[in-house]
Amino acid sequence: MMNNEDSNTLYIMTYTLNSGIKNTVPLSNSQIDEWMQCYKNDEKFVTTIGAEYFGLNSNLVADFKVHNKFSVHRNQIVSIQKTEEEILNKAYSNQTIVIKVDCKCGTTYTAESQYKRKTWNCSKCKEIVYLVEDVLVDTNKGKGHLMSNKMRIEY
């Protein structure tokens, strides 16, 4: 029979009504067994899915297919979900902005920030340095935004 992990897993059943309407429903292994018995005996199938009741008249079903862990349909769903998950993880990951600070006190260093800022404080003299718009410079961490207080920058 099935192990405990399989009994908690929901599989997608795709069915087509005699009218040509196609639909899907998630079912557990026990619900699939119950559906198979109803289909073989021309009985109505009624079950709960979460907090909702689901009913299906087996006399009105032309055909059906259960997509289990071995089916192509399920593999496609999983690969699409992984792709979306990777995109979301990349979008919401903690990406940092590289900043090269060039202060009039003579200090030059590279820093990282989660946000692109217009001002920053020098770590040595605590003076404010300003973002030099549209200037990317090479740093030891790749390309970075230049922030300086050596020239007049107006906002």
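Which residue follows α2, with a positive phi near 50 degrees? That residue is D42. Welcome to this predicted model, in which local features need pLDDT of at least 70, side-chain atom pairs count only at pLDDT 80 or more, and totals for chains, interfaces and linings use all residues. Residues are numbered from 1 along each chain as its sequence is written, and side-chain values use heavy atoms, with hydrogens and water left out.

**The chain as a whole**

- The protein chain holds 3 helices and 10 strands; helices (H or I, at least four residues) and strands (E, at least two) are DSSP runs, numbered from the N terminus.
- Read from the N terminus, the elements come in the order α-β-β-α-β-β-β-α-β-β-β-β-β.
- Buried residues make up 28% of the 155 in the protein chain, where buried means under 20% relative accessible area, exposed over 50% and partly exposed in between (1.4 Å probe, protein chains only).
- The accessible surface of the protein chain is about 11,100 Å², and 50% of that belongs to carbon and sulfur atoms; these areas come from the Shrake-Rupley method with a 1.4 Å probe, and for residues only the protein chains shown count as cover.
- Among contacts (heavy atoms within 4.5 Å) in the protein chain between residues at least 6 apart in sequence, 36% join residues at least 24 apart.

**Helix α2**

- Helix α2 covers residues 29-40, 12 residues in total, and reaches 17 Å from its first C-alpha to its last, close to the 16 Å expected at 1.5 Å a residue; the expected span is 1.5 Å times one less than the number of residues.
- N29, Q31, I32, W35 and C38 are the buried residues of α2.
- Q37 also lies in helix α2, but Q37 is partly exposed because its relative accessible area is 43%, between the limits of 20% and 50%.
- From Q37 to S58 the distance is 21 residues in sequence and 9.9 Å in space, C-alpha to C-alpha.

**Two nonpolar cores**

- A nonpolar core is a set of buried Ala, Val, Leu, Ile, Met, Phe, Trp, Tyr and Cys residues joined through side-chain atoms within 4.5 Å.
- The largest one has 12 residues, among them Y11, V25, I32, W35, C38 and F54.
- Two or more residues of this core come from each of β1 (11-17), β2 (22-27), α2 and β4 (52-57).
- A second, separate core has 10 residues, including I99, C103, C122 and V129.
- Leaving aside residues up to four places away in sequence, C38 touches E43, K44, F45 and S58.

**The open sheet**

- An open sheet of 5 strands has the order β7-β6-β10-β9-β8, with mixed pairing; two strands pair if DSSP finds at least two bridges between them.
- β7 (108-113) and β8 (119-121) stand at the edges with a single partner strand each, so one side of each has no neighbour in the sheet.
- From one strand to the next, the twist averages 45 degrees, using axes fitted as lines to C-alpha atoms (for helices over the stretch in contact) and angles from 0 to 180 degrees between N-to-C directions.
- β8 and β9 are antiparallel partners over 3 bridges, and T119 stands opposite Y130 in β9.
- The hairpin of β8 and β9 has 6 residues between the strands, and K126 there takes a positive phi near 70 degrees.
- Strands β9 (residues 128-139) and β10 (residues 142-148) run antiparallel and are joined by 6 bridges, with a hairpin of 2 residues linking them.
- Across this pair, V137 stands opposite G144 in β10, while T139 has G142 of β10 as its bridge partner.
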